Amino acid sequence: MNDDERPSVRRMSSGVHVVIALDRTSDHNLWSDLMMEEPHGVFIATFHRLTLGTVVHLVLTLEGDPTPLAASGVVRWSSSHREGTDNVAGVGLRFVDLDDAAAAKLARFMSHVREPIVFELEELPMRTRSANG
């Protein structure tokens, strides 16, 4: 992850605030279910430890759209870097209370700029991914 991709993560009395930019090549990416009809969340590439269940306030800038959007998400999983693999350290957030305008911008990004990471989302359990899988 280069310096331009590093998220700004701040812990404040009002909660955890993260600022990221999503583009075609960033380690950060949206994630969705198998139907890929709408974004369900965002993967944030970071070495900052965020506890499962933590509410995160996001400011996202999307490639091709100069106006950042605000969203909130809950940490649903974390992933640590594994030596000898392409695995990226970070956290997966599930969006909460995403307004229609933000959802439309994210859906446009998914369909025109970059496909999301895909997960089957019956109800993804909150978990930490171990180094062994």
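The turns below take up confidence, overall fold, strand pairing, the core and some individual positions.

Reply: This is a predicted model, in which local features need pLDDT of at least 70 and side-chain atom pairs count only at pLDDT 80 or more, while totals for chains, interfaces and linings use all residues. Residues are numbered from 1 along each chain as its sequence is written, and side-chain values use heavy atoms, with hydrogens and water left out.

Me: Which element of the chain has the lowest mean pLDDT?
Reply: pLDDT is the predictor's confidence in each residue, from 0 to 100, and the chain averages 78, with 69% of the residues scoring at least 70. Over residues 128–133 the score stays under 50, and there the model has 10 contacts (heavy atoms within 4.5 Å) beyond four places in sequence. Where pLDDT is low, the predicted coordinates should not be read in detail. Among the elements, β5 has the highest mean, 92, and the lowest, 49, belongs to strand β9, residues 127–129.

Me: What pattern does the chain follow when read along the sequence?
Reply: Helices (H or I, at least four residues) and strands (E, at least two) are taken as DSSP runs, numbered from the N terminus. On that basis the secondary structure comes to one helix and nine strands. Read along the sequence, the pattern is β-β-β-β-β-β-β-α-β-β.

Me: Do β2 and β5 run parallel or antiparallel?
Reply: Two strands pair if DSSP finds at least two bridges between them, and β2 and β5 are joined by seven.

Me: Which residue in β6 stands opposite L60?
Reply: β5 and β6 run antiparallel and are joined by seven bridges. They form a hairpin with two residues between them, and G64 in the turn has a positive phi of about 85 degrees. Within this pairing L58 stands opposite A71, whereas the residue opposite L60 is L69.

Me: Which residues have the most contacts inside the largest nonpolar core?
Reply: A nonpolar core is a set of buried Ala, Val, Leu, Ile, Met, Phe, Trp, Tyr and Cys residues joined through side-chain atoms within 4.5 Å, where buried means under 20% relative accessible area, exposed over 50%, and partly exposed in between (1.4 Å probe, protein chains only). The largest such core has 22 residues, and the elements giving two or more residues to this core are β2 (15–22), β4 (41–45), β5 (55–62), β6 (65–79), β7 (90–96) and α1 (100–112). Beyond four places in sequence, V42 touches residues including I20, L22, L58, L60, V91 and F95. The residues with the most contacts inside the core are V42 and L58.

Me: Which residues make up the covered face of β5?
Reply: The uncovered face of this strand is formed by V55, H57, V59 and T61. The covered face consists of V56, L58, L60 and L62.

Me: How many Å apart are G92 and W31, C-alpha to C-alpha?
Reply: G92 lies in strand β7 and counts as buried because its relative accessibility is 0%. Its contacts beyond four places in sequence include W31, V42 and V74. Although G92 and W31 are 61 residues apart in sequence, their separation in space is 8.4 Å.

Me: Which backbone nitrogen does the side chain of H28 reach?
Reply: H28 is found in the loop between β2 and β3 (29–32), and at 0% relative accessibility H28 counts as buried. At 3.0 Å, the side chain of H28 reaches the backbone nitrogen of A45.

Me: Is D97 buried or exposed?
Reply: D97 lies in the loop between β7 and α1, and has a positive phi of about 50 degrees although it is not a glycine. Most residues other than glycine have a negative phi. Because its relative accessibility is 81%, D97 counts as exposed.

Terms used: A polar contact is a pair of N or O atoms within 3.5 Å; within protein, one must be able to donate a hydrogen and the other to accept it, and residues adjacent in sequence count only if both atoms are side-chain atoms.
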